[in-house]
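Let's walk through this structure together, one residue neighbourhood at a time. Keep the view open beside you as you read.

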Amino acid sequence: MPEYHFDVNENGALTVDDTGLSLEGVAAAQREATLALCELAVETLPGTSHGELSIDVRLKNGTRVLTARIVFDAEQGAPAPSDPLPEG
């Protein structure tokens with residue numbers, strides 16, 4: 001089975017995967033990258049208004065086989081109305 005490495009870019013900070021995973025093929029590697037991105041998004045995006053997360057998947061020899069990416073932007077609109085005062 002091919003060995004895939006998952007290099008993570010979190011808002012410009014790169015973490016290179018030196019370990020890798022043996023997987024059936026590119027479809028399995030894409031699934032792993034997708035799951036990892038979802039977990040990373042849950043850990044890093046709450047409370048922010050912008051974030052860019054990506055994972056480059058490459059073979060052991062360095063050949064990139066895919067990139068998975070999430071770009072998050074939250075834009076504030078009009079201010080929410082104040083909570084109504086309690087009656088009484």
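Not counting residues up to four places away in sequence, valine 57 touches Tyr4, His5, Phe6, Ala29, Ala33, Thr63, Arg64, Val65 and Leu66; contact here means heavy atoms within 4.5 Å. This is a predicted model, in which local features need pLDDT of at least 70, side-chain atom pairs count only at pLDDT 80 or more, and totals for chains, interfaces and linings use all residues. Residues are numbered from 1 along each chain as its sequence is written, and side-chain values use heavy atoms, with hydrogens and water left out.

Val57 is also among the residues with the most contacts inside the largest nonpolar core, together with Tyr4, Phe6, Ala29, Ala33, Leu53 and Ile55. That core has 14 residues. Elements giving two or more residues to this core are β1, α1, β4 and β5 (64-73), and its largest share, five residues, comes from α1. A nonpolar core is a set of buried Ala, Val, Leu, Ile, Met, Phe, Trp, Tyr and Cys residues joined through side-chain atoms within 4.5 Å. Buried means under 20% relative accessible area, exposed over 50%, and partly exposed in between (1.4 Å probe, protein chains only). Helices (H or I, at least four residues) and strands (E, at least two) are DSSP runs, numbered from the N terminus.

## Strand β1 and its partners

Which strands does β1 pair with? Strand β1 (residues 3-10) runs antiparallel to β4 (residues 50-59), joined by seven bridges, and valine 8 stands opposite isoleucine 55 there. Two strands pair if DSSP finds at least two bridges between them.

Strand β3 (residues 21-22) is also antiparallel to β1, with two bridges, and leucine 21 in β3 faces tyrosine 4. Three bridges connect β1 to the antiparallel strand β2 (residues 13-15), where leucine 14 is the bridge partner of asparagine 9. β1 and β2 form a hairpin with two residues between them, and asparagine 11 in the turn has a positive phi of about 50 degrees.

## Charges around arginine 58

The structure holds one salt bridge, in which the side chains of aspartate 7 and arginine 58 meet at 2.6 Å, N to O. Aspartate 7 lies in strand β1 and arginine 58 in strand β4, so the pair ties together parts that are 51 residues apart in sequence. Both residues, aspartate 7 and arginine 58, are buried. (A salt bridge is a side-chain nitrogen of Lys or Arg within 4 Å of a carboxyl oxygen of Asp or Glu.)

Now look at aspartate 17, in the loop between β2 and β3. Aspartate 17 is buried yet has no salt bridge; the nearest side chain of opposite charge, arginine 58, is 6.2 Å away. For charge, Lys and Arg count as positive and Asp and Glu as negative, while His and the chain ends are not counted.

## Threonine 48

Threonine 48 is in the loop between α1 (26-44) and β4, and is partly exposed, with a relative accessible area of 33%. The side chain of threonine 48 reaches the backbone oxygen of leucine 45 at 2.6 Å. Threonine 48 and asparagine 9 are 39 residues apart in sequence and 17 Å apart in space, C-alpha to C-alpha.

Definitions and conventions
A polar contact is a pair of N or O atoms within 3.5 Å; within protein, one must be able to donate a hydrogen and the other to accept it, and residues adjacent in sequence count only if both atoms are side-chain atoms.
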